[in-house]
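Subject: Structure handover

Hi there,

Here is the structure I promised to pass on to you. Have a look at it first, and then read on for what turned up.

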Amino acid sequence: MTHIPNKKIGLALGGGAVLGAAHIGIIRAIDEYDIPIKFISGTSIGSLIAALYSFGLTWNEMQEIAVDLNWLDISTLSLSQYGVLTSCHCNRHCEWEESGSF
C-alpha cells in the first residue's frame, strides 16, 4: 500500500450476529494488503472482532474461534424494541485469563 503522510486509517465494524463473522474476512484482506490500521472499534459482534484484533490475534486465530464457536451460545432470540438477538450469554464465553489468552 502506498504510504499517505499524516493520515491514519481507522476501522469501524458493525453488528449482525453470525453475519458479523464476515469481519474476519475484512481483517484478512487488510493483512494481505498490508494496510496499517491505527484505530479499531465495533458494535455487537464487531466489538468482539475489534477486541480480538486489538489483543493481537491474527485473522487465522479469529477464524478458528469463529468456526469452533456455537453461535447460539452467545446470542439468543429476544423480541424487543432493540432487535431480534441478544448477547446476554456472551459474557460467560469471553473470559480473560491471567495468561493473556482466551
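Helix α2 spans residues 45–54, and its buried residues are Ile45, Gly46, Ile49, Ala50 and Leu52. Viewed down the axis of α2, these residues fall within an arc of 160°, so they line one face of the helix. Please keep in mind that this is a predicted model. After α2 comes Gly56, which has a positive phi, near 95°.

Not counting residues up to four places away in sequence, Ile49 touches Leu13, Gly20, His23, Ile24, Ile27 and Met62.

That brings us to the core. The largest nonpolar core has 13 residues, and those with the most contacts inside it are Leu11, Leu13, Ile24, Ile27, Ile49 and Met62. Which elements give two or more residues to this core? They are β1 (9–13), α1, α2 and α3. As general background, nonpolar side chains tend to be buried together in soluble globular proteins.

Now for helix α3, which covers residues 59–68 and has Trp59, Met62 and Ala66 as buried residues. These three cover an arc of only 60° around the axis, which puts them on the same side of α3. On the other side of α3, you will find Glu64, Val67 and Asp68 exposed.

Is Ala66 buried or exposed? Its relative accessibility is 16%, and the cut-off for buried is under 20%, so Ala66 counts as buried.

One more residue for your list is His23, in helix α1 (residues 23–32). With a relative accessibility of 14%, His23 counts as buried, because the same cut-off of under 20% applies. What lies 2.8 Å from a polar atom of the His23 side chain? The backbone oxygen of Gly14 does. Leaving aside neighbours within four places in sequence, His23 is in contact with Leu13, Gly14, Gly46 and Ile49. Gly46 and Ile49 are both among the buried residues of α2, and Ile49 is also one of the residues with the most contacts inside the core.

Happy browsing, and do write back with any questions.

Best wishes

Key:
Residues numbered from 1 in each chain as written. Predicted model: local features only at pLDDT ≥ 70, side-chain atom pairs only at ≥ 80, totals over all residues. Heavy atoms only, no water. Buried < 20%, exposed > 50% of the residue type's maximum accessible area, 1.4 Å probe, protein only. Helix = DSSP H or I, 4+ residues; strand = E, 2+ residues; numbered from the N terminus. Arc of directions from axis to C-beta. Polar contact = N/O pair within 3.5 Å; in protein donor to acceptor, adjacent residues only side chain to side chain. Contact = heavy atoms within 4.5 Å. Core = buried A, V, L, I, M, F, W, Y, C linked by side-chain atoms within 4.5 Å.
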